[in-house]
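Here's a quick walk through one structure, taking a helix, some strands and the packing in turn. Have the sequence and the 3D view open as you read.

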Amino acid sequence: MAVVMPVSSEGEPASATALVAAIEAYLADHAAAAVLEDGRVLFDLRYARYSVAEAHGRCVLQFWSEERNVVRSVISSQRRAGSLRLLTRRMGAPKPVALELVPSSDRRTPTARDAARRQYMRLLERVLLRNFPEWKPDGFRSATDLEHSFGPAYVRGVLVRGTMATMAEAVVGIGVSESSAMVDGVLTPGLLWLDHCREHSVGKAGRGRHFGGLRIIVPAGAWRTTAERMVWLNHGVASFQLFTLDERSEELVAIDFRDVGNMDSRLVHAFDAQAAIERAQAGVARVLKLIPEAAHARIELRACAAAEVGMLLHGLEFARIRQNAARSFAREDEIVFGAGANETVLDDGSEMLCRKLLEQLFDSRHSEGVHTNSLFRMQPERWLESRMRMSIAELLPALRGEFLYSQVPAITTGERGMLDLLTIDRNGRLTIIEVKADEDMQLPLQGLDYWIRVRALNADRAIVGNREVSAFERQGYFAGAELANRSPKLLLVAPALRIHPSNEIVLRYLSHEVDWELIAVSEHWRRELKVVFRKHGA
């Protein structure tokens with residue numbers, strides 16, 4: 001029998017404390033849990049992090065990963081067979097939204113998963129034949145092809161036309177049962193499939209086929225990310241079309257991605273990072289007492305908010321100082337160590353545990369550490385990002401290192417994404433630095449997402465005083481500098497041997513308006529960070 005938490009007549013939880021306890025208990029029992037919205041996976045908690053707490057009488061739940069950050073207030077919870085259904089409210093949204101916590105991101109058996117993909121492939125061929133009778137589906141498949149970076153979640157095939165079947169279109173589709181991350185990533189395998197088809201454009205009869213473009217099919221209601229990316233492809237080299245498919249009604253709908261509407265992009269107001277660090281000095285000093293003095297130089301202080309300062313070792317945050325308002329007019333520091341569900345308040349009772357954990361961390365996480373050690377391997381992208389922060393003046397002298405923002409929160413369409421690094425060049429042009437430490441097929445298009453957001457915020461201009469300023473300047477960023485009214489530059493940084501072979505293919509299909517540069521750094525970047533080679537867009 002389902003148990004429903006009581007709610008008031010206004011729909012607010014009767015007990016935020018009980019909601020926090022229910023969520024914490026479920027997540028403690030399910031280490032590999034996933035967060036679903038409308039049946040689609042938003043977060044896999046094997047790789048994402050979370051925080052749940054009572055604030056101002058409400059249960060506030062936050063999930064974050066490399067791709068997205070979601071903050072919701074929880075109204076009620078309902079325990080179901082194996083899952084926990086949460087009714088939540090998004091900041092500024094009038095209607096509540098349901099989230100579901102489930103034991104794992106994919107509850108299907110391998111057999112059921114493969115059967116669903118085969119069924120979707122047959123459905124896709126049938127729908128395409130009915131909607132485009134002048135075209136003939138050919139060679140549809142979903143088998144894994146690691147050599148060409150094609151995974152089984154994406155169905156790929158060809159539409160051919162003409163008496164000699166010389167006119168062709170590449171097609172990639174993905175079913176509703178796949179995760180939201182897989183659906184949002186469909187354009188990358190789509191571009192790779194188009195490029196593969198053009199490279200191998202000889203038909204069964206030995207005649208060459210002309211591949212005019214690419215058709216992408218996504219589930220109904222899951223088109224926005226792909227549409228926003230398609231706008232910034234090079235439409236001179238291919239035609240791109242986007243469709244949604246309702247698998248129940250078998251209705252195929254064309255999406256005009258050129259008219260996706262204005263992005264709802266906002267910025268969190270900038271704060272004085274140096275002042276935040278100065279206010280946290282008492283808490284910093286207490287943590288430093290637990291660390292050998294010789295290791296102090298390896299610690300990086302980074303203000304996360306006006307009242308929060310993180311202490312990091314090579315990009316890995318190991319402690320955070322929060323300035324909490326006490327009942328008196330004085331302010332007291334709360335120091336926590338660990339992260340997520342393992343976050344622990346530093347007090348007399350936990351000081352010995354903290355000392356031992358920090359000893360392990362500092363013994364393991366250094367440039368000459370053992371590569372198989374979990375503390376050494378943890379969060380390599382944040383490690384590389386920290387190296388970039390400290391070395392940017394020498395590594396990229398054209399940029400202004402004094403205006404370097406890390407993990408800038410850019411709020412878009414109700415959710416929040418974190419830009420890795422943001423700065424300006426000597427001419428005031430915004431520059432985005434997206435960092436990857438390992439191979440990632442999605443690097444170009446993830447970087448494009450951030451480029452789109454930064455471009456929109458910089459183009460959002462208003463007259464302040466006697467000059468026109470962007471949203472960044474109005475929110476307190478880049479104080480004392482004047483931002484150029486130009487599209488930003490996108491820098492994609494990765495170790496030379498960790499650049500995925502598909503990245504350069506995808507980059508070739510971006511619009512010429514996207515000024516990108518691929519920067520390969522030395523493979524042993526933990527010891528020595530230097531540029532190995534650079535490749536530029538057109």
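## Helix α2 and its neighbours

This is a predicted model. Start with the buried residues of α2, which pack against a whole set of strands: β9 (136-141), β10 (154-161), β11 (167-174), β12 (210-219), β13 (239-246) and β14 (251-255). Which residues of α2 are the buried ones? They are Arg117, Tyr120, Met121, Leu123, Leu124, Val127 and Leu128.

Next, look at β6 (residues 69-80) and β7 (residues 83-90), which pair antiparallel through eight bridges. Arg79 faces Leu84 of β7. The hairpin of β6 and β7 has two residues between the strands, and Gly82 there has a positive phi near 80°.

β7 is also joined to β8 (residues 97-102), again antiparallel, by five bridges. Here Thr88 has Val97 in β8 as its bridge partner.

## Nonpolar cores

The largest nonpolar core counts 67 residues, and the ones touching the most other members are Ile216, Phe240, Leu422, Phe472 and Phe478. Helix α11 (residues 443-459) supplies the largest share of this core, with eight residues.

Zoom in on Phe478: leaving aside residues up to four places away in sequence, Phe478 touches Phe403, Tyr405, Leu422, Thr423, Ile424, Leu430, Phe472 and Leu483. Another core, of 24 residues, lies apart from the largest one and includes Ile291, Met311, Leu361 and Phe362.

Notes
Residues are numbered from 1 along each chain as its sequence is written. This is a predicted model: local features need pLDDT of at least 70, side-chain atom pairs count only at pLDDT 80 or more; totals for chains, interfaces and linings use all residues. Side-chain values use heavy atoms; hydrogens and water are left out. Buried means under 20% relative accessible area, exposed over 50%, partly exposed in between (1.4 Å probe, protein chains only). Helices (H or I, at least four residues) and strands (E, at least two) are DSSP runs, numbered from the N terminus. Contact means heavy atoms within 4.5 Å. Two strands pair if DSSP finds at least two bridges between them. A nonpolar core is a set of buried Ala, Val, Leu, Ile, Met, Phe, Trp, Tyr and Cys residues joined through side-chain atoms within 4.5 Å.
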